[in-house]
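Hi,

Here is the structure I said I'd pass on.

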Amino acid sequence: MAAALLAGALVMTGCARDTGAAGGGGSAGGEACATGTAPSGGAAAAPTSAAATKPDASSLKVGVAYDIGGRGDQSFNDSAYAGIEKAVADFGLAEANVKELTAAPNEPEDAAATRLRQLAADGYNPIIAVGFKYATPLAKVAAELPNTQFAIVDDNSIDLPNVTSLVFAEEQGSFLVGVAAALKSKACHIGFVGGVDVPLIQKFEAGYTQGAKAVAPNIKIESKYITPAGDFTGFQDPQKGNVVATGELDAGADVIYHAAGASGAGVFSAVKAKSTPDSPKYAIGVDSDQYLTADPAVRDVIITSMLKRVDVAVYDFIGAVASNNLGALPKIFDLKVDGVGYSTTGGQVDDIVAQLDAYKNAIINGSITVQSTK
Amino acid sequence: MTAPATSRPVPAARARRLPGWATSMLVVLVGLVVLSITATLTGQLQLTSAGTAQAAVQLLLPILFAGLGGLWAERAGVINLGLEGMMILGTWGAAWAGYQWGPWAALAAGAVFGALGGLLHAVATVTFGVNHIVSGVAITLLGAGVTKYLSTLLFLPVSANPRQSPPLRGFDSFSITPLTDVLDALVRANLVFVTDVAGILQGLLTGLTPTVLLGALAVPVTYLLLWRTAFGLRLRSCGENPVAAESLGVSVYMYKYIAVIVSGGLAGLGGAALVLNPGQLGYLEGQTGGRGYIGLAAMIFGNWRPGGLLAGSALFGYVDALQLRAGGDAVHALLYAGTILAVLVAVLWFAQRYWLAAVWALVAGLVVYLVYFFVDTIPSQFAAFAPQIVTLLVLAVASQRLRPPAADGLEYRRGEGD
């Protein structure tokens, strides 16, 4: 048996294979990317910030129900808190009048509803629920308490007069970092690493792909999710994030964007490990400015981050409640209101800011429409 | 290409059986040939690339340590479902010691924290006779809870995050340079089989860390200790027939304690390997993601033997690396490899005159080939679970020959044999 196999192996050893080098070099050639021209948009539309007269929130009692993780997660929940802090500074909201409660992992759905009811019973109004996991309990509680104002981040399924949805145009911010990736890619080959294959994360991928293709229609894009829908470990498995990103880099991609939560740390370390002075590799962060929060050892490969400004949404919501003008809140926090955007910390996209802003203006004035699905 | 292998049937009923190590080498060789043929004919070069092999090593390490932990406990007759919890304790301990005193301290502390979990399991199951499953599940829950509490207490002030430790310094990785250079040249020579084997070897010999070496050492050391020493014989006798062991003067309680504590220590090392892996150097809540349970499955896969356990975790790590790196297309190519394997197995069984089994193997091979032929790529939802599916399939084929220790999971009281 062994001899026969060996003989077979030896026979095959003779034939050279024609399926290309095993290293996987990707499409070589420096400026191979056929770059389209950036749109010559109109004047930069200044984002409409808070109204001229500052709302007075000194009489408000604001309740916040955080998602799992709570404050200190350097992401979502912290961003919501930053919005509260800004409201305290700007609107005269008293810090003693802010009450925060945090969700526990794997808690029953009742617990979330109880938390919201408890805040309402203590007289907090408005109440902000952070995260789409509050959607079902909030729909129930808000119907019971029509005189309390609620807001929910990342969900727009509740159609009640006292519930405000704070949702974001993630695809628009992702479009811009897709533009940045295509402009920065030397191999005309980029990658995307998603945490879990759910519609919310697919929005990031869709925008990214469209942005890259707007710059270079022939660009190659590697796209991979760490886990399929239902298995949420994909958001907290840096080891697998590292393997997926290394696979995309080995396939030839040289700029990688992640929307994978805590697994993103593995993406950054993979990019850092493969980056050499001769062929630099880049990573793009998500949600917050990850140049500021990631491990200092990998910061130099993070060229930009897609910003999702939960803080802006929370701040604007409190302002709108204080001035009793909820109708003025945007339906979606998009580029126009600075609800999403990109970061420039580290200075690695300074040379392409003009092009990025041209695309940004084109999206704002409607000459480019970004789809939220592939 | 399989012609040489198929044209000469193996003579049946051989007088002398091949020794175990030779059979293993043969299996590895057959696997390499099949992968090489598949990579060549399907063009899926990721099947045998150095990157895949390296990723497989990283992914299999925590599973291997956890599986070895399970092996030690179950060989002494204690089922250890608490491996996951001991692994979580290990990740926390490794991160806590690692960010202060470096990677060696991380390894040591990971083992110590895991061993503490093992000690608790031993006290519950050996001394107090608690049901092994109940104690194991409780320790898994406890591990998650204790580390959450400790992280809030000790990591929050330094990392400003109750779910994460500050980043630690890892081991410097090294490669066996003269050898990998030769292998690199062979990979670039782009020859069938040579390039495939060289690619895999190159992946195994680059980016080595002390953690990888420790894992490679732990398998033979476990084998020698448990199967080649008097200590090991006594320990295993506690898992096969504790009453008989007791009648021969073996202190069954002591051996069970030792086995379960070592088991916890090994699971803790698995946690440390996860913390020290190049993905993210540090503790992150929930980062074990069920690897302890997969280690337990790898142990059953390996028939409660260290070599088989290594094969089980390697298979799991390899398929996981493949699907994470190359996705549905590479898993699709595995179907092709499966067809070749089924044909080989059928030929082997025909030669041994297991007619019915051989026909079934051929039918299975045909079905797999038809799927390969009519499907372009494996949907990502299935591809993600390819490691579990492959493991299940191999288990289904091999399960008739699995034999757990006879007294595994049974309660034992001193003097009950009187």
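Helix α8 of chain B runs over residues 194-205, so 12 residues, and spans 16 Å from first to last C-alpha, close to the 16 Å expected at 1.5 Å a residue. (The expected span is 1.5 Å times one less than the number of residues; helices, H or I of at least four residues, and strands, E of at least two, are DSSP runs numbered from the N terminus.) Most of α8(B) is covered, with 9 of its 12 residues buried. Among them are B:V194, B:V197, B:I200 and B:G203. For burial, I count other C-beta atoms within 10 Å of a residue's own, placed from the backbone: 20 or more is buried, 12 or fewer exposed, anything in between partly exposed. After α8(B) comes B:G207, with a positive phi near 60°.

This is a predicted model, where local features need pLDDT of at least 70 and side-chain atom pairs count only at pLDDT 80 or more, while totals for chains, interfaces and linings use all residues. Residues are numbered from 1 along each chain as its sequence is written, with chains lettered from A and ligands numbered from 1 in the order written.

A:D287 isn't a glycine, yet its phi is positive, about 70°. A:D287 sits in strand β9 (282-287) and is buried because 24 other C-beta atoms lie within 10 Å.

A:N324 is another non-glycine with positive phi, about 50°, in the loop between α10 (310-322) and β11 (332-333). With 9 other C-beta atoms within 10 Å, A:N324 is exposed.

Lastly, the peptide bond between A:N125 and A:P126 is cis, omega about 10°; A:P126 is in the loop between α3 (109-121) and β3 (127-129).

Cheers
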